[in-house]
Amino acid sequence: MEEAVFIDGVRTPNGRAHREKGWFRKLRPDELLTVVYQAIFDRNKKVKPGDIDAVLVGCANISGMQNDIGRLAWLASGLPDSVPSNTMTNQCPSGMSATMHAARAIMTGQADIMLAAGVEDMEKVPMAANMDFPPRLLKYYNGADLPMGPTAEKVAEMSNISREDMDNFAVWSNKKAAEARNAGKFKNEIIPVLGVNDNGEEYLVEHDQWIRDKIDIDKMKTMTSPYKPNGRVTAATSSPLTQGAACLLLMSRGKADELGLEYHYKFNYGVLAGCDPTVMGIGPIPAVRKLFEKTGLTKDDIGPVELNEAFASQALACIRDLRLDNDNAPFKRVNVWGGAIALGHPLGQSGARLIVTLLNIMKADFPNEKYGLASLCGAFGNAAACLIEKAK
Ligand SMILES: CC(C)(COP(=O)(O)OP(=O)(O)OC[C@H]1O[C@@H](n2cnc3c(N)ncnc32)[C@H](O)[C@@H]1OP(=O)(O)O)[C@@H](O)C(=O)NCCC(=O)NCCS
């Protein structure tokens, strides 16, 4: 088996998906993908675009501006048409699936150099855009239980996650994200993008738009659930609507050595798992359990963990069930640079973004750890988990 090493990983800042307030409101999602494609080649001059075996791109809602976005953004960037692309979806884990498929192509000797990316613009292509559920699905599930918000409420009830713990979690996520940003921790992964500020003037966006520097805890406590009368989940404890792209460059170790490229981490293992779609947020539980069973590792072998925060309820339920960290924030190794509640969650982008950030966290803050873990849930009970290992 070949080894698939990570040569580089980049992302755009995450912008607010809002027609009047989003810093990237004038950009299309394919333009954000161009930024990350281009950044990979600008930062890695020894890699020529025409040498890429394939470009795999995760995107949750492949319709409208996001239809075959991996390929069309590549061509619209003036990159060689000889390089094939596959835009893929399994909802939020799409960018992680793209990374797993890219790594496996290398590990099985079918490719030498792969790009894996993720992209989503939740304003231009809203969640569930053009969704047309199979009527037969309703024999098995109540349609009202399938949207994301109600699943988060159900997980909160089922796993006994209190409103107070969720609020505390959201405060912590924003605090860690702001600290990481202020310490320049995202500098290696974020590619500045020319957007517009609130007044519509050109503005070079260098950091994520959603991070809340000052949280009004009193206001937060008064917020009500947009999903359910007397529910526990609020906008503050949900990941916000976001725009962003991320991209990873993977290579066989042999090719990387031949080109004289530096690398620190490799892909070790990846799994997909399924769960009841009405509690989709607990998906990381079967995914991480499956990954541990297959690799023979336990939570004690793992250093940092990047666990997507679709909602505080589901993130807490997963952390507690898998015993990944303390039962409540503050955490020692989970989302130590903040999570999606603060950084944003552009659906199909997040799986790739978690791996980009995990690689940086491992190098900067956990240099002695051999393994890092990334996992996320997704609509309709799709989930994924990936194990990253030190390459040397
Ligand atoms: C929750 C959701 C419906 C809220 O959307 P929205 O109403 O457009 O909300 P906003 O993010 O603008 O926030 C609403 C209000 O809450 C406030 N708020 C949000 N977080 C806050 C916090 N931490 N503290 C204080 N106020 C907060 C906002 O400031 C805003 O108040 P304002 O209008 O007075 O400024 C939307 O973000 C959503 O759907 N999130 C989930 C996305 C999802 O399902 N992703 C997939 C997961 S698998």
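Predicted model: local features only at pLDDT ≥ 70, side-chain atom pairs only at ≥ 80, totals over all residues.
Begin by selecting the ligand together with its surroundings, where 19 residues form the shell, the closest being Met148, Ala235, Ala236, Ser238 and Ala310. If you colour this shell by class, you will find 13 nonpolar, 3 polar and 3 charged residues around the ligand.

Next, turn to the largest nonpolar core, which has 129 residues, and pick out Val36, Met114, Ala117, Cys247, Leu250 and Ile355, the members that touch the most others. Helix 11, which covers residues 347-365, gives the most to this core, with 9 residues. Stay on Ile355 and display its contacts: leaving aside residues up to four places away in sequence, Ile355 touches Gly9, Met96, Thr99, Leu248, Ala374, Cys386 and Ile388.

On the helix 3 side the contact includes Ser94, Gly95 and Met96, while the helix 11 side includes Gly348, Arg353 and Ile355. By class, the residues of this contact are 5 nonpolar, 8 polar and 1 charged.

Finally, select helix 5 (residues 163-182) and helix 9 (residues 312-322), whose axes come within 9 Å and cross at roughly 95 degrees; helix 5 and helix 9 are therefore roughly perpendicular to each other. Here Asp165, Met166, Phe169 and Ala170 of helix 5 meet Ala312, Ser313, Ala315 and Leu316 of helix 9, a contact with 6 nonpolar residues, 1 polar and 1 charged.

Key: Residues numbered from 1 in each chain as written. Near = placed C-beta within 6 Å. Nonpolar A, V, L, I, M, F, W, Y, C, P; charged D, E, K, R; others polar. Core = buried A, V, L, I, M, F, W, Y, C linked by C-beta atoms within 7 Å. Buried ≥ 20, exposed ≤ 12 C-beta atoms within 10 Å, placed from the backbone. Helix = DSSP H or I, 4+ residues; strand = E, 2+ residues; numbered from the N terminus. Contact = placed C-beta atoms within 7 Å. Axes fitted to C-alpha atoms, helices over the stretch in contact; angles between N-to-C directions. Parallel < 35°, antiparallel > 145°, perpendicular 65-115°, else oblique.
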